[in-house]
Amino acid sequence: MSDLKFPPGFSWGVATSAYQIEGAAAEDGRGPSIWDTFSHAPGNTFEGHTGDVACDHYHRYEQDVDLIASLGVDAYRFSISWSRVQPDGHGAWNAKGLAFYDNLVDRLLEKGIKPHVTLYHWDLPQALQDLGGWGSRDTADRFAEYASVMGRRLGDRVATICTHNEPWCTAHLGHHVGQFAPGAKDPQLAIQVAHHLLLSHGKALQAMRAAGVKAPLGIVLNQSSVTAATDSQEDRDLAERQYASFVRWYMDPIFLKRYPTAPGLHLYPVMHENDFNEIAQPLDFLGINYYTRIWASAATPPVPAPNAMGANDMGWENYPQGLAELLVKVNRDYNLPPVYITENGYAGADRLVAGKVEDTQRIEYVRTHLEALQQAMEAGVDVRGYFYWSLFDNYEWNSGYAKRFGLVHVDYEDQQRTLKDSAHWYRDLIRKGR
Ligand code: FCB
């Protein structure tokens, strides 16, 4: 561990998102979001779990900021619940919702922790979904307005603002696979949604810059390296197609003003003439979330990935080297701005026993990913910080509370927070690095 060295000024953080932790779903004027609707509909989530209470962070944010500070991190990434600050996604603003984020930011600053804000982590106001959601081009304009209001409100106090978190999940899991809100299963709609998300990102950056927002602005994309299972033409084509739909679908429009082509990619969105110019706004930073690689096997049944046995509780293969492969590749292909690793983490079958959680696999996961990160930085990738996902166990979307990613264990009966072994390890790592 002692050979892990990061440059002075490198930021160490933890990350969360609004719906996954806040609870207080119907309090102080918050409007419903698509995740409230989706999680309350039968059959969508593990045992019908919802984010109604989650980690009750809305009521406990002061102690939670103290908890964050106790980890020795200098950065915290969280998201704003759009329907808490603007219940219908257009029209009236909710003073109590705005005050919550003002107070959170001030509390973080008091404790010496840099706030990193995500504007959209999947919880579209239901009122906008009723008007067509991300399938409607107008939603991009609503988002730009929301971004400029939040940017003006918080932009002088926060370290970064990103527009979207993982638009691939919203588009693909939310509109093609139907596994996430709003639960649509329509591949052409998913492609159109991806386009509107990208457009809304570009419009939001322009709106925030026009409003004079000072914080560095960017986007957070989930990305993976790709490996073809064998050398066969089928596997290589599949690898190319999967990488194109996962990584290049978002990077090419932003950096190269085009959508990618690849064997077997047929669906493209309806576009207006100037859309790529709107989308391809310069980024002050790029956030990359990395969990695992894409393993492309066209065979039935598929050839298993080599490390599939060491997969985490989500079934995600543990492949740290992919982080270095990915970063070096995208840096070469797109000439990246400064990068933050905005998420990386491990879900384990954690057990709280006599006040302790021995999560050695999580420690190993983080350590090996930091080694890979260090390699990428030595190879010239300009990485400014690392955020562990997640600060604490929380509502893992359609998996409900069954998957635990936290450095901090949460007992959902009494909301007791307990530092896992990994939290102590992370704190020591950060302390030694300084
Ligand atoms: C990412 C999400 C985050 C969390 C982790 C496990 O895709 O951004 O909210 O669910 O995965």
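Select Gly-72, which follows helix H3 and has a positive phi, near 80 degrees. Helices (H or I, at least four residues) and strands (E, at least two) are DSSP runs, numbered from the N terminus. The model is predicted: local features need pLDDT of at least 70 and side-chain atom pairs count only at pLDDT 80 or more, while totals for chains, interfaces and linings use all residues. Residues are numbered from 1 along each chain as its sequence is written, and side-chain values use heavy atoms, with hydrogens and water left out.

Next, select H3 itself, residues 57-70. Its 14 residues have end C-alpha atoms only 17 Å apart, short of the 20 Å that a straight helix would reach at 1.5 Å a residue; the expected span is 1.5 Å times one less than the number of residues. Centre the view on Gln-63, where H3 has a kink of about 50 degrees, the bend being the angle between axes fitted to the seven residues ending there and the seven starting there. Buried residues of H3 include Tyr-58, Tyr-61 and Leu-67. Buried means under 20% relative accessible area, exposed over 50%, and partly exposed in between (1.4 Å probe, protein chains only).

Move to helix H5, residues 95-110. Its 16 residues reach 22 Å from the first C-alpha to the last, close to the 22 Å expected. Among its buried residues are Phe-100, Tyr-101 and Arg-107. The buried residues of H5 pack against several elements, including H3, strand E3 (114-120) and helix H7 (138-154); contact means heavy atoms within 4.5 Å. After H5 comes Gly-112, with a positive phi near 75 degrees.

Now display helices H10 (residues 233-256) and H12 (residues 321-334) together; they pack at an angle of about 35 degrees, with axes 11 Å apart. Axes are lines fitted to C-alpha atoms, for helices over the stretch in contact, and angles run from 0 to 180 degrees between N-to-C directions. Residues of H10 including Tyr-243, Met-251 and Phe-255 meet Leu-326, Lys-329, Val-330 and Tyr-334 in H12.

Then select Asn-312, in the loop between strand E8 (294-296) and H12. Is this residue buried or exposed? Asn-312 counts as buried because its relative accessibility is 8%. Leaving aside residues up to four places away in sequence, Asn-312 touches Tyr-346, Ala-347 and Phe-405.

Finish at helix H14, where Trp-425 and Tyr-426 are among the buried residues. Their cover includes strand E1 (11-15) and helix H13 (360-378).
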